[in-house]
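We will go through charged contacts and then aromatic ones.

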Amino acid sequence: MTFWRAQARARAAGGDVILRLDDLDQARCKSEFREALIDDLKWFGLQWSEGPDVQGPCAPYLQSERRALYVAALRKLQAGGHLYPCACSRRDVAGAVAAPHDEDEEPIYPGTCRPSGGIGILPMKGHRLETDAARQVNWRFRVPDKEAMHFVDLRLGNQRGLTGRDFGDFIVWRRDGVPAYQLAVVVDDAVMRVTEVVRGEDLLISTFRQLLIYRALGLEPPAFYHTPLLRGEDGKRLAKRSASLSLGALRRKGVTPEEIRARWIALSECDG
């Protein structure tokens, strides 16, 4: 439903909508899934000016085909001393963090592999991308210590966060060689000259992380608009794991696009 809001805002501003598919995890993103996704979005009534099916000036629109851009950005972050290698697994991090955290948010990294010293003097010897050691670690972005950050969300207004309290050092490149979401979207939005990002409010904290990457890469960030989330009767957000409520599943049950949009609009108005 976020895409529907993005389309409405783009039309109101005389802008264009870009469809870009996150298929970096090739084991889970098969070609038939991509085709079904595009078909369901068109059935729902969504339209885009650029995308994998219509192409455009910023092609390719599959993230799996844009790897060279992510590698270049990673190397620039490394050269600036913003990254360090981390051998911790997700289980290691979860086990080291005692404080509870939101299910949609990763726990704050306890700093197990964080080197001493400030940004710009992080040790990189033996962990360059081309070495075997680099393929055995995650790469984390070192956030500044206790930096007060803020941005203006186009729906929610002023947003403030404190590094180390609201979020910690985060992964930008996984040990399996796959660029993380935080890095990939920053690079793509910058290269594609995106001026406004519309997405769910569960990604609000991620905006602070991405603003740090924009700054480290010397890029101008876009504006952000975070939409309300659709939630089930239990109050939890509807996610990919709720397969029974996917567009494809609803379509097969005979639900019309008009019915889905009407319910979403009603819930959005109730949620602000």
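Is Arg34 buried, exposed or partly exposed? Note before answering that this is a predicted model. Arg34 has a relative accessibility of 22%. Buried requires under 20% and exposed requires over 50%, so Arg34 counts as partly exposed.

Arg34 has a charged partner. It forms a salt bridge with Asp23, and the closest N and O atoms are 3.6 Å apart. Arg34 sits in helix α2, residues 31-44, while Asp23 sits in the loop between α1 (2-12) and α2, so the contact ties together parts eleven residues apart in sequence. Asp23 itself is buried, with a relative accessible area of 1%.

Asp39 pairs with Arg251 in a salt bridge, with 2.9 Å between the closest N and O atoms. Arg251 belongs to helix α7 (residues 247-252) and Asp39 to helix α2, so this pair joins parts 212 residues apart in sequence. Asp39 is partly exposed at 41% relative accessibility. Arg251 is partly exposed too, at 30%.

Next, turn to helix α6. Arg215 and Glu147 meet in a salt bridge at 2.8 Å, N to O. Arg215 lies in helix α6 and Glu147 in the loop between β2 and β3, so the contact ties together parts 68 residues apart in sequence. Across the whole structure, a search finds 14 salt bridges. Arg20, Arg66, Asp188 and Asp189 are linked in a network of them.

Which buried residue has no salt bridge? Arg142 is the case to look at: its nearest side chain of opposite charge, Asp145, is 4.4 Å away. The cut-off for a salt bridge is 4 Å. Arg142 is found in the loop between β2 and β3. A polar atom of its side chain lies 2.9 Å from the backbone oxygen of Pro115.

Now the rings. The structure holds four aromatic pairs. One of them is Phe141 with Phe170: the centres are 5.2 Å apart and the planes are at 10°, so the pair is stacked. Phe141 is in strand β2 (residues 138-141) and Phe170 in strand β5 (residues 170-173), 29 residues apart. Phe141 is buried at 2% relative accessibility, and Phe170 is buried at 0%.

Phe151 and Phe208 also have centres 5.2 Å apart, but their planes are at 70°, so the pair is edge-to-face. Both Phe151 and Phe208 are buried. Finally, Phe151, Phe167, Phe208 and Phe224 form one aromatic cluster.

Key: Residues are numbered from 1 along each chain as its sequence is written. This is a predicted model: local features need pLDDT of at least 70, side-chain atom pairs count only at pLDDT 80 or more; totals for chains, interfaces and linings use all residues. Side-chain values use heavy atoms; hydrogens and water are left out. Rings of Phe, Tyr and Trp (its six-membered ring) pair if their centres lie within 6.5 Å; planes under 30 degrees apart count as stacked, over 60 as edge-to-face and the rest as tilted. Helices (H or I, at least four residues) and strands (E, at least two) are DSSP runs, numbered from the N terminus. Buried means under 20% relative accessible area, exposed over 50%, partly exposed in between (1.4 Å probe, protein chains only). Lys and Arg count as positive and Asp and Glu as negative; His and the chain ends are not counted. A polar contact is a pair of N or O atoms within 3.5 Å; within protein, one must be able to donate a hydrogen and the other to accept it, and residues adjacent in sequence count only if both atoms are side-chain atoms.
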